[in-house]
Amino acid sequence: MNFTISSPANAVIGRYNLILRVTSGNKIFSRFLGQFVLLFNPWCPGDDVYMANENERQEYVLNENGIIFVGNAKYIEARGWYYGQFQDHLLNICLTMLDLSLYYRQDPVTDVSRRGDPKYVGRVISSMINGNDNDNGVLLGKWQGSFHSHENPSRWDGSVVILQKWRQDNYKPVQYGQCWVFAGVMCTVLRCLGIPTRLVSNFNSAHDVDRNLSIDKYYDSSGKSLNIGKDSTWDYHVWNESWFVRPDLGTSYNGWQVLDATPQEQSK
């Protein structure tokens, strides 16, 4: 006999056990047939991550290589990055990442039930890419001081070795990452799960700490700069955008959605 399995477009992603049960009179026979993995499907019009353009699907889902722009506004450097989302064991690592999150540990039933929603999965992955919440995250950030005892962030050139090291070290955060490393790894994980994802670099990037939507600088009456306030302007910052619909906000917000895994101030 041949069986065809048709899953709903909004089904929960993850590992499934396939069991055949045959009822004959009063007897029931069950047999475990195997396991399969269900992912988001950008080729399926009913899926929240559906992307109509095939060239864009090739670039934002299937492409394992990319360029990350870093540096400063007057000297922009193109840095090659290997995403490697289809390499051996990467899918298992990405699915395990969902099960290690604080969301799952605090309420596993609710967490799993929401894994058909790319908004929710994006937030969980964004949290898990950094290890600042004591949640077994992938990378620890460091922006100053010496890197001699661990890897200098500038030496990473791909996600695969980072994710493999994270698994080999029993899911302890890999040291160290900075914004483009966080973004590169998150792109790998989201593409692996079937969510179209890209990287965005911004130069002269405002970092507003007190949430008043302005960068505040203070001067005394003679015009001397005062070291007050923590707002700053970074040479550059790199984050991710993922493609999915937003039924919670309305159709005008469908499309590219901002996700930033670099640990900064906590948000809600």
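In the predicted model, strands S3 (residues 65–72) and S4 (residues 75–82) pair in the antiparallel sense over 8 bridges, where pairing requires that DSSP find at least two bridges between two strands. Helices (H or I, at least four residues) and strands (E, at least two) are DSSP runs numbered from the N terminus. S3 and S4 form a hairpin with 2 residues between them, and Asn-72 has Tyr-75 in S4 as its bridge partner.

Residues are numbered from 1 along each chain as its sequence is written. Because the model is predicted, local features need pLDDT of at least 70 and side-chain atom pairs count only at pLDDT 80 or more, while totals for chains, interfaces and linings use all residues; side-chain values use heavy atoms, without hydrogens and water. The pLDDT, the predictor's confidence in each residue from 0 to 100, averages 92 over the chain, and 99% of the residues score at least 70. Confidence is lowest in strand S9 (residues 225–226), at a mean of 85, and highest in helix H1 (residues 54–62), at 98.

An unreviewed UniProt entry places the feature "domain: Transglutaminase-like" at residues 171–263; such annotations may be inferred rather than shown by experiment. This span is 15% helix and 40% strand, and its end C-alpha atoms lie 18 Å apart.
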